[in-house]
Each structure stands twice: as structure tokens, then as C-alpha cells.
Amino acid sequence: ARGVVDLGFAIVYPSHEGLVAVSAAGQVGVVTNTLFGREAWQALNPAMLAAGQLSGRYVASYNSVAPDGAPLRGTVIIQLDGQNSFLVRSDIVAEAFFYDIAEGGLYFLAGGTIRRFDPPSGEPVNLYWRSRPWHLTGADNLGAILVDADDALSLDDIRSIEAAREAAQASNAGLLAVSLGSELNGTPVNRHPFAGDGLVRLPSRAKTTTVNVIADGNLEASVHGIGRMQRLPAGFRARRWEVEVFGTARIEQIVMGRSAADLRAGVAT
């Protein structure tokens, strides 16, 4: 029941087969078939999804366990647009969502604390996105890539980041003044990652972007530059291509082609 959401143009709810939409005209159907296979959808434990909406997108948190016993926790943001639907992931794990219609803000409960999802004054957080596979008619090598992104920081971004850094530094100073728990038997096993600690990460003062290029299931390149053509590895051919995106910058487009000449001529994917 916590997964039922009014998106404005439709009511959506999670089923065993995927996300179901009921339109104002009474049309009913599963609308996530292009994003999830049944096995991948079931891995999210859809019966226990907690969901809300933001800008007409379905936002749902899941807390599940993989077949190998590893925890599966996070949030999916689904834009429903027919064949052009897309998916973005977040590491937020929410127990409940509430959408404030008057304010246009989505709030969530996590660990006993209520926060706003993607607040205008918040620091940029890392995004993860993976394209659907696209298949060439024949095996080929895509040797050039161009990533365009908005990596500029606004004054609001700078203020938010500096405020977050000051809060993190104050929190870390308090921990350092007492104990890091690094003394022998000072911390329960598995509380921190190996060689990790309880200090709060300082937010970066710059937006970052990493684009991974995957060909026939193999990671072939990781690209970090923005706004300039970059060469990809040669010496192989593949039919199925995908890209993964990590970072805090807003991606505008990713273009790939067989060569730099293809990019200049607009003969690209």
C-alpha cells in the first residue's frame, strides 16, 4: 500500500510484474517493462516499496536481500514516458515519503529523521544511471565519445556545500575530541568498512562526472572529461553497447561514434 502514488496524470502501484499505471481514461498496464525484467523487479521486493512522487516521477525506496545474501538497499526514480522511460538510482533508503503539494517538495523519513528529497539548497549528491543496451547491426568499434554536462556551481550550490562542509568539520571535531573507536575492541565488528572510520565525508567543492563505456558486457573505458571529444580503446568490436554515469554534474548528452570525424559530422549515437 505504501507504493501507491498519484502522479497527477495517473495512479501507479507496484505489482509482481512491474509498476502498473491507471490513467485518467481508465487504461491499465505495466509501464516498466523497458526498464526492468521480472527478476530484476522482484529483487526490489515490490510488496514492501515505500514511494512518493517528485515532478511527476515515481520515487521508491527498497530494502531487500540479493540471492547471495548481500543487502539491496536504495531508491529508484522512474520517469514514465513510454519507450523513452528512464531510471535513476539514489543511495537514499526511506521508510516513508510525503509530497507537499503546496510547496512542491518531497519529504522522506530515514532513521527517525525527516529530510527533503533533492532540496533546492542542498549540496549535490552522487547520481547513478545506466542506459538500456543498444545493438548495432554488426559488430563495430566506437572509438570516440563526447560528454556534455553542466558542472558549474551556482551561488546557492556554493553556499550549500560550504554549509555542509562546516557541519561535517564540526561533527568530525567532536568525534576526534572523544574517540574514533579505533582502539583495540573499541568498536563492534562490521560497524565500519575495512580501514574505514566514523568521520563524516567532506562534500566536494566541484561537480564530478564519470562515464563508463560497456561493450558486450565488458567495461572498456572510464571517461571523466566534459565538453571535449575523447578517444575510446581500439582493437575490438562489439554489437551491444551501454553507458553508466556516476557523479554530481547534470548530464546534457553523451554522444559516441566510430571516430572523431563521425562526431563532427553528426554521424553518431
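## Close-up views of the predicted model

View 1. The model shown here and in every other view is a predicted one. Asn45 sits in the loop between α1 and β5, the latter covering residues 50-54. Its phi is near 55°, a positive value in a residue other than glycine. Most residues other than glycine have a negative phi.

**View 2. The loop around Asp216.** Asp216 is found in the loop that runs between β15 (209-215) and β16 (218-223). Although Asp216 is not a glycine, its phi is positive, at about 50°. The relative accessible area of Asp216 is 40%, which makes the residue partly exposed.

**View 3. The hairpin of β10 and β11.** Strand β10 spans residues 105-110 and strand β11 spans residues 113-117; the two pair in the antiparallel sense over 5 bridges. Within this pairing, Leu106 has Phe117 in β11 as its bridge partner. The two strands form a hairpin with 2 residues between them. In the turn, Gly111 has a positive phi of about 60°.

**View 4. An open sheet of 3 strands.** The strands follow the order β17-β14-β19, and their pairing is antiparallel. β17 (229-231) and β19 (250-257) are the edge strands, each with a single partner, so one side of each is left without a neighbour in the sheet. On average, and with direction ignored, neighbouring strands of this sheet are turned by 25° against each other. Strands of a sheet pair through backbone hydrogen bonds. Strand β14, made of residues 144-150, pairs with β19 over 7 bridges in the antiparallel sense. One of the pairs to look for is Val147 with its bridge partner Ile254 in β19.

**View 5. The salt bridge between Arg38 and Glu17.** The side chains of Arg38 and Glu17 meet in a salt bridge, at 3.0 Å from N to O. This pair links distant parts of the chain, 21 residues apart: Arg38 belongs to helix α1 (residues 38-42), and Glu17 to the loop between β2 (10-14) and β3 (19-23). Arg38 is partly exposed, with a relative accessible area of 46%. Glu17 is partly exposed as well, with a value of 42%.

View 6. A salt bridge joins Arg130 to Glu242, with the closest N and O atoms 3.2 Å apart. Because Arg130 lies in strand β12 (residues 127-130) and Glu242 in strand β18 (residues 238-247), the pair ties together parts that are 112 residues apart in sequence. Arg130 is partly exposed at 36% relative accessibility, whereas Glu242 is buried at 7%. A network of salt bridges links Arg130, Arg240, Glu242 and Glu244.

**View 7. The salt bridge between Asp140 and Arg237.** Here the side chains of Asp140 and Arg237 meet at 3.5 Å, N to O. Asp140 comes from strand β13 (residues 134-140) and Arg237 from the loop between β17 and β18, so named parts of the chain 97 residues apart are linked by the pair. The relative accessibility of Asp140 is 14%, and the residue counts as buried. Arg237, by contrast, counts as exposed, at 58%.

View 8. Val4 is placed in the segment before β1 (5-6). It is partly exposed, with a relative accessible area of 48%.

**View 9. The whole chain, for orientation.** The secondary structure comes to 3 helices and 19 strands. The chain has 269 residues, and buried residues make up 35% of them. Of the contacts in the chain with a separation of 6 or more, 58% come from residues 24 or more positions apart. The chain exposes about 15900 Å², and carbon and sulfur atoms supply 53% of this area. The count of salt bridges comes to 7.

Definitions and conventions:
Residues are numbered from 1 along each chain as its sequence is written. This is a predicted model: local features need pLDDT of at least 70, side-chain atom pairs count only at pLDDT 80 or more; totals for chains, interfaces and linings use all residues. Side-chain values use heavy atoms; hydrogens and water are left out. Two strands pair if DSSP finds at least two bridges between them. Helices (H or I, at least four residues) and strands (E, at least two) are DSSP runs, numbered from the N terminus. Axes are lines fitted to C-alpha atoms, for helices over the stretch in contact, and angles run from 0 to 180 degrees between N-to-C directions. Buried means under 20% relative accessible area, exposed over 50%, partly exposed in between (1.4 Å probe, protein chains only). Contact means heavy atoms within 4.5 Å. Accessible areas come from the Shrake-Rupley method with a 1.4 Å probe; for residues, only the protein chains shown count as cover. A salt bridge is a side-chain nitrogen of Lys or Arg within 4 Å of a carboxyl oxygen of Asp or Glu.
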